[in-house]
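Okay, thanks everyone, I'll keep this short.

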Amino acid sequence: MTWNEGTFSLARLFRQPQASRGFVVLRASPRLVDVPSQSRMLVDFSLDFTAQTCLRTNLGVRRALQAMAPGQVLEIRSDNVSAVETIPFMLESHACEHLGTAAFDGRWAVYVRKSSHQEEAAPCK
């Protein structure tokens, strides 16, 4: 499946072969993490976009947020500074909240929560 084929879902994302999706799903099960400027938090999904372009990262994040249920938290890992800088700015229009960003070993982890107030924001397309 490519990004342009039909409906995207997290279930499909986790079943796809790694080579076809261009990024790695680190975890599909909840785990506790320390989020900067927050307390310990339960992260529902973790995606690694290391060595991916800004466009692929942002598209993958948009599609993952679209498939997530309100209240779930997504961890996005990337070594692309442009992608990391643009993620917080795109969240408000998709009914999502930026929880924090952490830097480690030349990479970053961005933490995002999908809001339960979906009617106020534009849908992810």
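So, cysteines to start with. The structure holds zero disulfides. Bear in mind that this is a predicted model. Two cysteines I'd like to point at anyway are C54 and C96. C54 is partly exposed, at 22% relative accessibility. That call sits close to the line, because buried means under 20%. C96 does make it under, since its relative accessible area is 10%, and so it counts as buried.

C96 also takes us to the next stop. Strand β6 covers residues 96-104, and it pairs with strand β7, residues 107-114, in the antiparallel sense. How many bridges hold that pairing? Eight of them. If you want a spot to look at, find E97, and opposite it in β7 you'll see R113.

Side chains of opposite charge can pair when their charged atoms come close. Here the count comes to five salt bridges, and I'll go through some of them.

Take R40 and D34. Their closest N and O atoms are 3.3 Å apart. R40 is partly exposed, with 49% relative accessible area, while D34 counts as exposed because it comes in at 55%, and the cut-off for exposed is over 50%.

Next up, R107 with D48. This salt bridge has its closest N and O atoms 3.5 Å apart. Which parts of the chain does the pair link? Distant ones: R107 belongs to strand β7 and D48 to strand β4, residues 45-48, and the two are 59 residues apart. As for accessibility, R107 is partly exposed at 21%, and D48 is buried at 11%.

Then there's E75 with R77. Their side chains meet in a salt bridge, 3.5 Å from N to O. Buried or exposed, these two? Both E75 and R77 are buried.

Technical notes
Residues are numbered from 1 along each chain as its sequence is written. This is a predicted model: local features need pLDDT of at least 70, side-chain atom pairs count only at pLDDT 80 or more; totals for chains, interfaces and linings use all residues. Side-chain values use heavy atoms; hydrogens and water are left out. A disulfide is a pair of cysteine sulfur atoms within 2.5 Å. Buried means under 20% relative accessible area, exposed over 50%, partly exposed in between (1.4 Å probe, protein chains only). Two strands pair if DSSP finds at least two bridges between them. Helices (H or I, at least four residues) and strands (E, at least two) are DSSP runs, numbered from the N terminus. A salt bridge is a side-chain nitrogen of Lys or Arg within 4 Å of a carboxyl oxygen of Asp or Glu.
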